[in-house]
Structure formats: structure tokens, C-alpha cells
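Please look through the report that follows with the sequence and the model side by side.

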Amino acid sequence: MSDTRPLRFMPRDSKGSASPALSATPSVTRVMATVVLALLPGIAVYVWLFGWGVLVSLGITVAAAYAFEAAMLRIRGRPVWPFLKDLSVLVTALLLGLALPPLAPWWIPVVGAFFAVVVAKHLYGGLGQNSFNPAMAGYAVVLVSFPLHLSRWPAPASLMDAPLGFLETLRLTFLGQLPDGLRLDAITSATVLDRLRTEGLAGDAGAALSALPFLEAFAGHGVEWVNLAFLLGGLWLLYRRIISWHIPVALLGGLGIMAGGLHLADAGQYAHPLTHLFGGAAILGAFFIATDPVTAAATPRGKLIYGAAIGALIYGIRVFGGYPDGVAFAVLLVGLTVPLLDRYTRPRTFGTGGRLR
Amino acid sequence: MKRRLWSFPGGVRLAGFKELSNREAVVPFPVPSTIVLPLGQHAGQPAEPLVEVGERVLCGQLIARPAALVSAPVHASTSGTVVAIEERPVVHRSGIPQRCIIIESDGLDEWGPMDTAGEDPWRTPAKQLVERIRDAGIVGMGGAVFPSAVKLAPAKPVDTLIINGVECEPYITCDDLLMRSRPEAVLRGARLLLELTGARRCRVAVEDNKPEAARALEQALAEVLRQDGAADMEVVQVPTRFPAGGEKQLIRVLTGREVPSGGLPFQVGVVCVNVGTVAAIHDALFQGRPLISRIVTVTGDAVSAPRNYEMRLGTPIREVLDRVLRDDARDMRVHIGGPMMGFELLDTRAPVAKGTNCLLVRAQPAETRPAEAMPCIRCGACVDVCPVRLMPQQLYWHARAGELDKAREHHLFDCIECGCCAHVCPSRIPLVQYYQFAKHEVRAAERRAHKAELARARNEQRQARIERQKAEKAKRRGRGKPKRDEGADAGGDEAAA
């Protein structure tokens, strides 16, 4: 049978569709709204600990992403409202915004959003058609293109004498102006993973690690609290069955096993696995980014492989690669294998021999 | 009694809406003045009419005979006069009209002679029983309408007989009410089928949301076994999970066996028959009554008093609606079968047929209409619920792109069209319709290929025939003028060599 003429077929409108009385399952909009809700605790803690910059940066990203989305839907002749309403672009924007350093100049989120929404999403065919995670594609492009601006991570508000106010943050983001007598160095600081990388590479890993506040029972530095809040949101998503357990467990497992194994082998050279799990974007990646249904593997076994490969790759990039964190690159790279994964991990169809389950 | 049960993959839990219609006893629906009997109420070839326009027929009289092995006869469902044999709208997904025999009732409802009534089915050989089941026009009444006689003559001996009283679709309660009101008919029919099929055990499966039905069966079982002889028969309650009543799913749940892809239950030693079908077989074999009526659930929020009716086959659905609709019901939709696997009725003139188990009539206010379909986001919810372990979203992509080869490779034809995937789809994509369409396209392409193959073979035969005739002609001529022709033949042979 080799008839592959295109089907001239559009099903009748859903008024006469298969399941008329019983649509109890959540719509795309409900799914996306739940994901946004699950992000909120993490965002709140992030803002609380790191200041207004987080909110400003998220705001710019969301506004830019919506503008690009509306424009692209218009250009492509798609209905604008139903697609803006589905909130998928909000999720993309929030994830991109969270990946970007909050004190970056305003055009960084705009460029990121452009690449995420216009190139990675719509040029590939829009919702459901993109092969790369839009948020991570946007982030990777700005990270590679503007590395300097991408290093402006704020110091925790608690470590600063006088944290930037809302207006001061706006001035910094849009005009590049700082209050008198303040230098950028004073309000930014290296992230946990930055320090691990630079100081670790300097051959002084042991000292770097013991200096990490993380190992002092979660005190002070802040990023681990943000990640705990994201973990909470992620667990809620699991509980609500918006995501399945496979990808988060496999991703954190892959990362944790790599980190744990090497840490056990040489604790002076390799950081504690908890540092890896809570020090960067691994939690956010495991529950919110790698679980993006469009770009993730769809079969149960495929999801496990997909998650574990991302976890292992994150560790590889962090420890042996050129960047302090590797969630975006890992997600994008492993995303390339999804069609193959889905193909070769297809569940055994009922009645085709072998054992069930 | 607790017995080990297996489970099938996927499935969904659904709200039942059964209590709407399962509280009232079954009542007969009045015999309508005009009966419309489609010739194709079953799977396979349509029947061939045996009566002519103007002829008087009696209730139960054979009016159309099976046209092939997979086909079924049709009997008049009341007495009256045949007024037309023509195409009429019928209960079918496609809405394509079909040839029907139309009978104007004379109001007497006079039965014809029942020639098989006197025989004792317990003493009749199995082969003859199967013939009588075939002659009674009995088909699978769970909805698949496959001729029962074909099913009951499996190509290989079976050890297990399953009586399917699961009725897992929401809203439908006709089997529930049948099991409650006539448990003896179901069990006696099953007991006889046990003899007929040579199976060693019989399991009557009831979903555990129908405790009354299970109790009625259990209470009747002892008496039936006492009267008709002991046998390994048991009523088994199975967990309520759609589509537990699917044939392959139920076989899996009860026996742990998996019907092979593209195969039939007898290949794993099972015959599975719906309770309605068993009751119809009982009536045919013990009472000589051919299939002329069935229990139909009439339910939904547009129906004033949802309940089950014993309806004559051929009753126009419009007449049913006239009687049961709420006064304020406007803009209603009629669904044939349940909400998961049923379909919307396009023309209410269509009659109740052998496979019509439920009329689901719903008033549809504008705000509850399903939303427009959104793009697939590959969330995989469909993969989790597919009872056949397909990858519905992959099938959807391929069906949409017209990649029929790939759709087949993804086991398109193992899809049982249960609708679980569409039910959980957050994008509200009418997935099953895509699969149905893709299946249809594949079959159409196969038919085209088959036709082309036939045409090619015919053409080859024709060419061969022409060659042969030429040769014969040449030979005949050769006999007249041998010398010249022999030379020509020799030359031809050389050329061929």
C-alpha cells in the first residue's frame, strides 16, 4: 500500500464529535494556567530574595512575547484571540524570563522573546509544531550572542546594604543608569555555579565548596530557596497530573547520580550533588522546561531516557563544558533525539505478542 | 465470589449517567403504523428481499434472506402490507440511505406460524442450532451487529464462553435492565451456548456499577443450573473502567489472554457474546421467535422520562422522539449509542435497527458546545489512556498528513475507536474521526489496488485469449494451406527463441 495522497479531509466541526457529553478533562488553556500557577511561588521567593529586577525582567519578556505572538498570528492569518488565550506564550515567556539574569538591559529579553516566539515557535508552524523548546532556544541565542550581559546576576538583597528600589531598577534596565556612587559590581554577584566553575577550575575546588553557603544548611545565599519553591510548584503539577513523573524523576536522577558518583569518587574535585540539584536551573528544568509536551518525548520509556539524558548532559556541561549551567543546551540537544526516541520506544500494541506491562 | 482478574492498559473513568434511565422497568413501545426495515442492519452483505410490494406479511415472517455467509435475514416486525422497497435514511454514521422494506401495519400484530417452536434445543445438534440462530436473524446486539451464527461456528475449538453484560458506555442501560428483568433468559441461553460451543466454562461479566443486575443473575443461576444441568458458570463483576466492555479488553480482564492484533477471540480459545444477543438466541431457540424487537434506552436531558423500551425493529426514531421529548426541548441532538462510541443521527426518519441500543437525546444550550479544536501539543494524555497501547497523537499526525503507510505501521487498524483519546485531549481534537477517515482511505486504496489488479489480470487473460485465438485461426488456416503456414510457424518459433 503506497497511496500517500494528502487527505482532503477536515473533520466536521466538533459539534458532532466523538465525545459530546463528557468533556471533563482540562483544556490547553487550563493546562497552561495550572503551569503558570505552579511557577508563582518560585517567582515570589525569587523577587523577595533578589529584588525588583526579577519582576522587571519577567514583565519585559512577557510583554514582548505577547506582542510577537500577536503579530505572528496576524501575519500567519491565524485567529489571534483563541491562541493568545491559550496561555502557552505566557508559559514560554515566564520560563525565558526566569532563565535570563534579572539585571540585563531591556533589549536582552526582547531579543530572547523574538527568537523564542518568532523563530523557534512560529517559523516552525506555531503551537504544537516546534521542534525546539522556544524558551530555551531564545535563551541559548542571547546567551551565545551576548555573554557579558548575560552575567549580570543580582546579589541576594540580603547581602546588599541598600538594595535597588523599583524605579532604580527600571532606570538600570532601560537606561543603563545606576544610582550615584554605585557600581554594577556592587549589586551583581557570581552565582553558585559560576563560583563552582571559576574557582573550581582554578584548582581550588575544595575551598570553593566549603565556602558555598549551600552546604551550610540552606543559609543565606538564596537561590536554593527559590529552587525549593519551584520544587513545590513542580510537585503540585505532578499531583494535578499536568505532568507525569517520568521526566522530572529521570532528569534529577540522571544529574544526581552523575554528581553523586563523582562526588563520592573525589569530593575535593566535584561538588556535592545537592549543590548541583539546587544550585542552578535543574529544578526549573526538570519540572517546567523539559516537561514541555511539544518538544519532549511522549512514550513512557522515551520520557525516562529523555529525562536521564538531559540530566547527565547538564552535569557534563556544568563540569566539563564551557558554561556554568547547561539546562538550556541539554534540553535543546536531547530534544533533537525526540523523534527517534518516540519511534524506538513505542509501546507494544495490545495483541502484538510478548507480555503486557 | 472473588476471582482473579487481569487489567487492560489505559482506559478512563467516566461519569455513568445510568441512574437517569435504569430506575424504570422496560415497557413495550407501541407498534408504529409504518415500519421501516433496512436490509443491512448487520455487518456484511445486505439481505435480499423475498417479498414484493403489495404483499401481506405476518409478524416474524422472513422477508429478506442473507446474501452471503456474513449476512443476516430480516423478519417482519409486525403484520401488514409491504408498501415499498426503496432507499430510506438509516441509522448509520455516514448518513447514507439504504434499501429498506417498508411495511404498513394492519394494527393486528398477527404472528405467522413458528415452525421451529416445537423442537427441543437440548437435543438438537450444534450445527442445526447455529443454523436456527442464523435463520432467526440474530446479530451482535452490543453494537457490532456481526452475525452471531458466524461467531458461534469458530474455526477452532474454544474453552471459554464469555457473556458480556459490562455495558461500559455512559447513559446506556438496556443490558442492565435486560439482566435484571430476564436473568433466566440470559443464563439459559448461555447454558445452551456452552453446549453449542463445547466450551468448558462460562463467565457472565457485569461491571461493578450494576449490582442489581449481578444480584439478579446470581440468584437465577442456581435455578438454571438445577433445571438445565450443572456447568462451570459464574457471574463475575469487573471493575468499572471504560472500555471494559470492549471484546478484547473484557477477554483480557477475565482470562488474561490477549487477542492477537487483527485476530479474533476464538484464536485465544474464547467466544464472547453480548447479553442482549444471548437473550435473543434464547428466544429464538426456546420460543421460535426471530429477532423482531430489542430493548432500547431512551435517555438524555431532552427526554421527559428517560427509560428503556422494548421496541419493534423498524420503528422510526421520529415517532419515538414525538412521544418522549420534553415540551421545552429545542435545538436537541440525537445520538445513537453512547457518548463515547456513538454517533450523531443526521435524519430522525431513520428506524431503530438491530444494533440500536440507545437514543441519547440532549438539549444543547450554546455555552456547553465543545470548543473549537486547538493544535495538538503532544501532551501524551492520549497515550496514557489508549486501551490498545497505540500512540494516538502519532496516528493523528500521520492521518492528518495523509501518511497512510505510517498510520498503518502505527497499528491504525488495531484502534477500536473507543474515544478515550479524544475524551482526554486538552486540544479537543476529534481524534477518532481522523482514524475513521484514515481507515476508510486505506480500505478505499486497497479496493482500488484490488480492482487494478483484477483489471490487469483480466487484461492479461484477454491478451492470452487473443493470442490463442490467433494461433488457432492460424492453425485452422494452416490445415487448409499446410505448406505456407508451416513455414510461417517455424519462422515464428525461431523469432520467439
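What share of the contacts in chain A with a separation of 6 or more is accounted for by residues 24 or more positions apart?

## Basis of the model

The share is 76% of the contacts in chain A with a separation of 6 or more, where two residues are in contact if their C-beta atoms, placed from the backbone, lie within 7 Å.

This is a predicted model, in which local features need pLDDT of at least 70 and side-chain atom pairs count only at pLDDT 80 or more, while totals for chains, interfaces and linings use all residues. Residues are numbered from 1 along each chain as its sequence is written, and chains are lettered from A and ligands numbered from 1 in the order in which they are written.

## Confidence

The model scores ipTM 0.77 and pTM 0.82. Chain B has an average pLDDT (the predictor's confidence in each residue, from 0 to 100) of 89, and 94% of its residues score at least 70. Over residues 485-497 of chain B, however, the pLDDT is below 50, and this stretch has four contacts in the model beyond near neighbours in sequence.

## Chain A and A:Thr169

Chain A holds 17 helices and zero strands; helices (H or I, at least four residues) and strands (E, at least two) are DSSP runs, numbered from the N terminus. Of the 357 residues in chain A, 49% are buried, a term that requires 20 or more other C-beta atoms within 10 Å of the residue's own, whereas exposed residues have 12 or fewer and partly exposed ones fall in between, with C-beta atoms placed from the backbone.

A:Thr169 lies in helix 7 (residues 166-175) of chain A and is buried, because 22 other C-beta atoms lie within 10 Å. Not counting residues up to four places away in sequence, A:Thr169 touches A:Gly51, A:Trp52, A:Gly53, A:Val56 and A:Leu164. A:Leu55 is 114 residues from A:Thr169 in sequence, yet the two are 9.8 Å apart in space, C-alpha to C-alpha.

## A sheet in chain B

In chain B, an open sheet of three strands runs in the order 3-5-6 with antiparallel pairing; two strands pair if DSSP finds at least two bridges between them. Strand 3 (48-49) and strand 6 (74-75) of chain B stand at the edges with a single partner strand each, so one side of each is left without a neighbour in the sheet. Strand 3 of chain B pairs with strand 5 (residues 62-65) of chain B over two bridges in the antiparallel sense, and B:Pro49 stands opposite B:Ala64 in strand 5 of chain B.
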